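Please look through the sequence and the model below before reading on. The report then takes up the fold, the aromatic rings, the charged pairs and the surface in turn.

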Amino acid sequence: MLVHSVYFWLKPDLPETQRAEFRRAVESLKQITAVESAYVGSPAPIPKRPVVDDSYSVALTILFKDLAAHNSYQVDPIHVAFVAAWKAQWTRVQIYDAVSST
């Protein structure tokens, strides 16, 4: 299994309507065939701790069966269109990929 975690920092001046539209666009990535399961969220309202970074706007976590599924996702037309349509609206994207044997 491959866990693909993506964190988006949206432009601070992005209107709330566009933020909601962005969230729906991220949710639409779940329909890509290579995706086993996916979760979309925002920073949790937990107590502040020095080790927690809650500065991002939207988080996406996707589980893939394997590296081949991940690679397929990266070139899927839905993913490619998402990036092209939205990349001008974020200031930063951070990705963490982890492989699990369980």
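What follows is a description of a predicted model, arranged by topic.

## Overall fold

The protein contains 3 helices and 4 strands, and when these are read along the sequence they follow the pattern β-α-β-β-α-α-β. The radius of gyration is 14 Å, close to the 13 Å that the globule rule gives for 102 residues, so the protein is as compact as a globular protein of that length.

Along its principal axes, the C-alpha trace spans about 35 × 35 × 15 Å. Of the 102 residues, 33% count as buried.

## Aromatic rings

A pair of aromatic rings is described by the distance of the centres and the angle of the planes. The structure holds 11 aromatic pairs, and one of them joins F22 and W86, whose ring centres are 5.3 Å apart and whose planes meet at 75°, so that the pair is edge-to-face, the term used for angles over 60 degrees.

Another aromatic pair is formed by F64 and Y73, which is tilted, with 5.1 Å from centre to centre and 55° between the planes. F64 is buried, with a relative accessible area of 1%, and Y73, at 1% relative accessibility, also counts as buried.

## Charged pairs

Side chains of opposite charge can pair when their charged atoms come close. A search of the whole structure finds 3 salt bridges. In one of them E27 pairs with R23, and the closest N and O atoms are 3.7 Å apart; both residues lie in helix 1, 4 residues apart, which is about one turn of the helix. E27 is partly exposed, with a relative accessible area of 27%, and R23 counts as partly exposed at 30%.

E27 also forms a salt bridge with K30, with the closest N and O atoms 2.8 Å apart, and K30 counts as partly exposed at 36% relative accessibility. A further salt bridge joins K48 and D54, where the closest N and O atoms are 2.3 Å apart. Here K48 is exposed, with a relative accessible area of 66%, whereas D54 counts as partly exposed at 30% relative accessibility. Through shared partners, salt bridges join R23, E27 and K30 into one network.

Which residues make the nonpolar surface patch of about 260 Å²? The patch is made by I46, V51 and V52. I46 is found in the loop between strand 2 (35–41) and strand 3 (58–64), and with a relative accessibility of 43% this residue counts as partly exposed.

Key
Residues are numbered from 1 along each chain as its sequence is written. This is a predicted model: local features need pLDDT of at least 70, side-chain atom pairs count only at pLDDT 80 or more; totals for chains, interfaces and linings use all residues. Side-chain values use heavy atoms; hydrogens and water are left out. Patches are made of residues with over 30% relative accessible area and no salt bridge: like charges are joined within 9 Å, nonpolar side chains (Val, Leu, Ile, Met, Phe, Trp, Tyr) within 5 Å. Accessible areas come from the Shrake-Rupley method with a 1.4 Å probe; for residues, only the protein chains shown count as cover. A salt bridge is a side-chain nitrogen of Lys or Arg within 4 Å of a carboxyl oxygen of Asp or Glu. Helices (H or I, at least four residues) and strands (E, at least two) are DSSP runs, numbered from the N terminus. Buried means under 20% relative accessible area, exposed over 50%, partly exposed in between (1.4 Å probe, protein chains only). Rings of Phe, Tyr and Trp (its six-membered ring) pair if their centres lie within 6.5 Å; planes under 30 degrees apart count as stacked, over 60 as edge-to-face and the rest as tilted. The radius of gyration is taken over C-alpha atoms; the globule rule is 2.2 Å times the number of residues to the power 0.38.
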